[in-house]
Amino acid sequence: MSELASLTTAWYDVNARDLPWRAPEIGAWPVLISEFMLQQTPVVRVLPVWREWVARWPAPADLAAEDSGEAIRAWGRLGYPRRAMRLHACATALVERHGGEVPRRLDQMLALPGVGDYTARAVLAFAYGQRHPVVDTNVRRVAARAVSGLADAGAATTPADLTLVESLLPQNVAAAARASAAFMELGAVLCTARTPRCGDCPLRERCAWRRSGAALPAGPSRKPQRYAGTDRQVRGLLLAVLRQAAGPVPKPALDVVWPDQVQRERALDSLLADGLVVPRGERFSLPGRVPADL
Ligand code: SF4
């Protein structure tokens, strides 16, 4: 099995994208920030925001010292802004529980706010060079094709996925950590959902799915998520007004962003329920302290 890892790692050694969170000695906190941001946002959009965050908040204590509203403001247009609040809560927990350091134990990582199975193992592997099965959608797809001969993986990560990917890793700890990064890269760059580039793939002679000669099922593997016209879009527009404002804004300044009152109110209510927006009398703002003169 680990032949797949060695082939993939040899390919990665030559072809890995030069991403700043992969720099040696970058530190666990910048890696953790990158993993939060990359959960639902493509690399190209994450890059500028990640650079801003790392420069502004080089350690968890720097972020924890600010209001969560500043994290939401600095999240910009990455989308799914609850991640900004969770990352702020995570920074606070790192300060309170771990002296401002990212822990090196899986159980401690999993106990942090906003850190799930994938993120915990990714940070331990990529920042600390530990041996863990790091299983995201891309890795599950590579394993499903190369090992199981299936066109795609199931809808959600299962314990069996972790076991399968773990079985692909070399026993050597450093080699395993690098193989984890390599499998992720292969899935992101070559073994994509709709147009796998099997001719360029280092696993092409070993891949069970390719050897089977099967074709991809017709149609998209997953329904593309609609954005235009959704409550997500309206939430984004409302938050953009608050991010750009120095202090609380009156309701009419929010009302102009979207014509449908019912949908607009629903979006605002959900932002209030999530704690991304707070009421200030007749006005609204991001959470946190408000200067007395605003
Ligand atoms: S040969 Fe094709 S299907 Fe198999 S792992 Fe490589 S890119 Fe994916």
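# Close-up views of a predicted helical model

**Figure 1. Packing of helix H5 against helix H6.** Helix H5 (residues 68-75) packs on helix H6 (residues 82-98) at an angle of about 135°, and their axes lie 8 Å apart. The axes are lines fitted to C-alpha atoms, for helices over the stretch in contact, and the angles run from 0 to 180 degrees between N-to-C directions. The model is predicted: local features need pLDDT of at least 70 and side-chain atom pairs count only at pLDDT 80 or more, while totals for chains, interfaces and linings use all residues. Residues are numbered from 1 along each chain as its sequence is written, and side-chain values use heavy atoms, with hydrogens and water left out. Helices (H or I, at least four residues) and strands (E, at least two) are DSSP runs, numbered from the N terminus. H5 and H6 are therefore oblique to each other; angles under 35 degrees count as roughly parallel, over 145 as roughly antiparallel, 65 to 115 as roughly perpendicular and the rest as oblique. From H5, Ser68, Ala71, Ile72 and Trp75 meet Arg83, Ala84, Met85, Leu87 and His88 of H6. By class, this contact of H5 with H6 has 6 nonpolar, 2 polar and 1 charged residues. Here Ala, Val, Leu, Ile, Met, Phe, Trp, Tyr, Cys and Pro count as nonpolar, Asp, Glu, Lys and Arg as charged, and the others, Gly among them, as polar.

Figure 2. Ala71 is found in helix H5. At 0% relative accessibility, Ala71 counts as buried (buried means under 20% relative accessible area, exposed over 50%, and partly exposed in between, with a 1.4 Å probe and protein chains only). Leaving out residues up to four places away in sequence, Ala71 touches Trp53, Trp57, Leu63, Ala84 and His88, where contact means heavy atoms within 4.5 Å. Ala71 and Ala84 are 13 residues apart in sequence, and their C-alpha atoms are 5.6 Å apart in space.

**Figure 3. The largest nonpolar core.** This core has 49 residues, and those with the most contacts inside it are Trp29, Leu32, Met37, Trp53 and Met109. A nonpolar core is a set of buried Ala, Val, Leu, Ile, Met, Phe, Trp, Tyr and Cys residues joined through side-chain atoms within 4.5 Å. At least two residues of the core are supplied by each of helix H2 (28-38), helix H3 (43-56), H5, H6, helix H8 (117-128), helix H13 (231-244) and helix H15 (261-274). The largest share, 7 residues, comes from H2. In soluble globular proteins, nonpolar side chains tend to be buried together.

**Figure 4. Helix H2 and what covers it.** Helix H2 is mostly covered, with 10 of its 11 residues buried. The buried residues are Ala28, Trp29, Pro30, Val31, Leu32, Ile33, Ser34, Glu35, Phe36 and Met37. Their cover includes H3, helix H4 (60-64), H5, H6, helix H7 (106-110) and H8.

**Figure 5. Two loop residues with positive phi.** Glu25 is placed in the loop between helix H1 (2-15) and H2. Although Glu25 is not a glycine, its phi is positive, about 65°. Glu25 is exposed, with a relative accessible area of 78%. Tyr80 is found in the loop between H5 and H6. Its phi is about 45°, again positive although Tyr80 is not a glycine. With a relative accessible area of 25%, Tyr80 is partly exposed.

**Figure 6. Crossing of helices H9 and H10.** The axes of helix H9 (residues 137-146) and helix H10 (residues 159-168) come within 10 Å and cross at roughly 75°. That makes H9 roughly perpendicular to H10. Val139, Arg140 and Ala143 of H9 make the contact with Asp161, Leu164, Val165 and Leu168 of H10. These residues divide into 5 nonpolar, no polar and 2 charged.

**Figure 7. Val262 in helix H15, with the chain as a setting.** Val262 is found in helix H15 and is exposed, with a relative accessible area of 60%. Val262 and Val241 are 21 residues apart in sequence and 19 Å apart in space, C-alpha to C-alpha. The chain has 15 helices and 3 strands, and 45% of its 294 residues count as buried.
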